[in-house]
Amino acid sequence: MTSDLFSTADPTSRERAEQLRRLLQEHGHRYYVLDDPSIPDAEYDHLFRELQSIEAQHPDLVTPDSPTQRVGGKALAAFVSVPHAIPMLSIRTETDTEASGALNFDARVRRELELDASAPAVDYVTEPKFDGLAMSLRYEAGVLVQAATRGDGTVGEDVTQNIRTIGQIPLRLPQAVPQVLEVRGEVYMRRDDFEFLNRRQRDSGQKTFVNPRNAAAGAVRQLDPGIAAQRPLSFFAYGVGEISQPAMGGALFATHFELLQALKAWGFPVSELASTAQGADGLTAYYESIGRQRDNLGFDIDGVVYKVNSLALQARMGFVTREPRWAVAHKFPAQEQLTTVLGIEVQVGRTGKLTPVARLAPVFVGGVTVTNATLHNEDEARRKDVRVGDTVTVRRAGDVIPEVVAVVLDKRLPGAPEFSMLRQCPVCGSAAVREEGEVDYRCTGGLFCSAQRKQAVLHFAQRRAVEVEGLGDKLVDQLVDGELVRTLPDLYRLSVSTLAGLERMAEKSGQNLLEALQKSKVTTLPRFLFGLGIRHVGEATAKELARHFGKLDAIMDASLDQLLQVSDIGPVVAESLHTFFAQAHNREVIKDLRDCGVCWSEGEPAPVVSKPLTGKTLVITGTLPSLSRDEARDLIEAAGGKVAGSVSKKTSFVLAGTESGSKLDRALELGVAVLDETGLRGLLDGSA
């Protein structure tokens with residue numbers, strides 16, 4: 001690192017770099033810690049790229065606390081050992097998972113402090129017990145210089161490069177902090193981030209993670225920080241290790257709760273669930289309260305932690321066998337348990353996805369009795385090698401569907417057959433297919449399969465398809481559950497008297513729906529095609545099919561080679577179309593819809609005309625200044641472009657407005673060009 005004395009950068013660049021670092025740190029704190037962003041993601045990215053540009057031109061301006069240094073660095077050959085100046089001790093565990101565990105701890109504290117029955121209640125700090133990885137962060141002069149794992153409590157491992165990738169952990173602190181500050185806390189993974197990570201692992205054919213804690217620990221101990229940066233981690237601070245005392249002497253804090261408030265003021269995330277409690281009754285109330293909230297939290301906890309609040313009393317009580325006498329972890333009932341697989345069935349979802357589900361001997365886990373657990377897909381079921389009769393570990397956390405974590409192979413029955421996915425839908429008997437590059441099998445009987453009826457009806461009736469005004473979720477539920485609508489043509493056979501008999505319906509509202517159905521009969525070929533819900537056939541593809549073939553019958557009878565001649569249609573979409581129209585029951589539904597009066601104009605195939613966005617795929621995210629998403633979509637498609645729902649390497653542009661989210665992040669990660677509304681209009685009129 002070159003000092004300013006020998007810097008080749010001009011003063012303006014140096015001042016701007018420092019200003020950008022300060023702004024990015026401020027906005028990063030508001031985003032990651034306070035969850036209260038003050039600028040759009042696109043503006044943050046603009047500032048970040050400006051700082052990157054300045055540092056690329058003037059490498060001597062790069063500082064260890066620069067936001068650009070969060071991700072990067074060379075892979076390590078091994079982790080370096082780090083001795084802890086103050087040991088990272090474990091906390092004693094109260095194994096009584098009933099509320100009486102709180103009473104036991106309070107009684108021990110009062111005995112240690114020699115308090116009789118007439119003495120006031122002890123003041124405690126109460127916190128969730130995070131299910132993650134303990135971490136020590138060392139700051140010198142307000143700058144993060146080292147991050148280390150607990151290790152054996154005396155010596156840990158240096159994981160600084162990986163910890164820098166966690167947005168919630170500040171790289172620089174305010175000026176008014178101790179010269180040396182060692183912050184202790186927990187690195188963990190949120191449940192939604194864990195589900196996203198495992199979904200990404202499954203989609204790419206890689207091994208999934210057992211639980212959020214294992215995923216977090218694996219990310220922290222990656223030798224390559226680039227890989228660690230791809231795994232979303234979070235952090236909560238809950239204490240300190242080594243800390244410089246004031247020059248004038250005396251203690252910085254009188255209580256542990258004051259310490260937590262100071263950590264929050266210095267920019268660290270501290271759990272909002274941390275509180276104070278008085279005596280055994282207060283501890284019991286906290287245990288029960290957090291227990292009720294446990295399933296609804298965004299992260300895993302396996303209990304709560306009680307600490308004597310007074311730091312003077314903590315020092316007086318001291319330690320025993322490397323455990324503090326003044327703290328205890330009070331565990332909740334386990335969220336993983338052993339049980340037996342009674343059978344494996346295949347469920348069909350609303351979109352036709354086939355999911356293997358293990359039927360289990362009832363087991364109490366995570367606060368409920370579990371009898372089913374998802375196996376996700378055939379690859380996952382085979383990777384875990386789950387078989388009927390196996391003894392398995394089942395996990396349930398929060399609202400996440402219970403899943404089989406692992407098989408106890410030592411207890412497997414001889415001759416247990418491997419699981420094999422069905423090749424026909426167990427509900428309607430239609431072919432179940434697995435497309436190239438996909439992990440899931442799907443039923444091809446979308447218009448016929450009873451498991452998909454509600455989804456099929458809602459999709460067909462939506463505004464951008466045939467549009468049946470007033471036909472919403474609750475009404476569709478009644479129509480399908482009451483067997484009044486089995487296939488799409490049944491919609492056009494409903495009567496006023498039938499509708500008037502439904503909940504929250506009367507003759508007038510029934511008549512209004514019939515009028516809306518009558519109006520929907522006159523549509524367009526692209527809207528009708530889109531409304532059929534053919535997999536991979538969105539609005540843009542439906543329009544291109546209608547333009548290319550002109551008539552529905554020509555599309556239905558097209559060969560794979562003919563479908564592949566359509567602009568922007570590749571092998572996956574062509575196969576999906578061909579398979580759909582090859583199903584006799586799908587053709588029967590289309591015939592019945594026509595017989596019911598559903599119609600559209602048809603013509604000859606349109607000539608190929610090159611347009612500004614021909615062959616381009618765009619993704620829209622955020623809020624645009626003057627265009628709604630539908631208006632932007634219409635402009636893009638009118639210019640020959642295609643609008644996709646997710647960002648991939650094949651995406652040409654991402655159109656980003658304010659409050660853009662993960663799609664913009666994905667675009668920046670893949671190097672996809674990002675446009676604002678002005679940039680889009682420039683493409684459309686040829687000025688860009």
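This is a predicted model: local features need pLDDT of at least 70, side-chain atom pairs count only at pLDDT 80 or more; totals for chains, interfaces and linings use all residues.
## The five-stranded sheet

An open sheet of five strands has the order E2-E13-E10-E3-E9, with mixed pairing. Its edges are strand E2 (93-94) and strand E9 (275-278); each has a single partner strand, so one side of each is left without a neighbour in the sheet. E2 and E13 run parallel and are joined by two bridges. In this pairing, Thr93 stands opposite Ala329 in E13.

Helix H3 (residues 100-112) packs on this sheet and touches E2, E3, E10 and E13. The direction of H3 makes about 170° with that of E13. Helix H9 (residues 279-293) also packs on the sheet, where it touches E3, E9, E10 and E13. The direction of H9 makes about 135° with that of E9.

H3 and H9 are in contact with each other through Ala102, Leu103, Phe105 and Asp106 of H3 and Gly279, Ala280, Leu283 and Thr284 of H9. By class, the residues of this contact divide into five nonpolar, two polar and one charged.

## The four-stranded sheet

A further open sheet has four strands in the order E5-E4-E7-E8, and the pairing is antiparallel. Strand E5 (143-149) and E8 stand at the edges with a single partner strand each, so one side of each lacks a neighbour in the sheet. From one strand to the next, the twist averages 30°. E4 and E5 run antiparallel and are joined by six bridges, with Met135 opposite Thr149 in E5.

Helix H6 (residues 212-220) packs on the sheet and touches E4, E5 and E7; its direction makes about 40° with that of E4. Helix H8 lies across E7 and E8 and runs at about 120° to E8.

## The second largest pocket

Elements of both sheets take part in the lining of the second largest pocket, whose contributors of at least two residues each are strand E3 (123-130), strand E4 (133-140), strand E7 (180-188), strand E8 (234-243), helix H8 (256-265), strand E10 (301-308), helix H10 (311-317) and strand E13 (327-331).

The lining consists of 24 nonpolar, 10 polar and 11 charged residues.

## Strand E14 and its partners

Strand E14 (residues 336-348) pairs in the antiparallel sense with strand E17 (residues 391-395) over five bridges. Leu338 stands opposite Thr393 in E17. E14 also pairs with strand E15 (residues 353-365), again in the antiparallel sense, over seven bridges. The bridge partner of Gln347 in E15 is Thr355. The hairpin of E14 and E15 has four residues between the strands, and Gly352 in this hairpin takes a positive phi near 95°.

| Helix pair | Axes come within | Crossing angle | Handedness |
|---|---|---|---|
| H3 and H9 | 8 Å | roughly 150° | right-handed |
| H17 and H22 | 11 Å | roughly 35° | right-handed |

Helix H17 comprises residues 539-549 and helix H22 comprises residues 629-638. Glu539, Ala540 and Lys543 in H17 meet Arg633, Asp634 and Glu637 in H22. By class, this contact has one nonpolar, no polar and five charged residues.

Definitions and conventions
Residues are numbered from 1 along each chain as its sequence is written. Side-chain values use heavy atoms; hydrogens and water are left out. Ala, Val, Leu, Ile, Met, Phe, Trp, Tyr, Cys and Pro count as nonpolar, Asp, Glu, Lys and Arg as charged, and the others, Gly among them, as polar. Axes are lines fitted to C-alpha atoms, for helices over the stretch in contact, and angles run from 0 to 180 degrees between N-to-C directions. A crossing is left-handed if the near helix is turned anticlockwise from the far one by less than a right angle, and right-handed if clockwise. Contact means heavy atoms within 4.5 Å. Two strands pair if DSSP finds at least two bridges between them.
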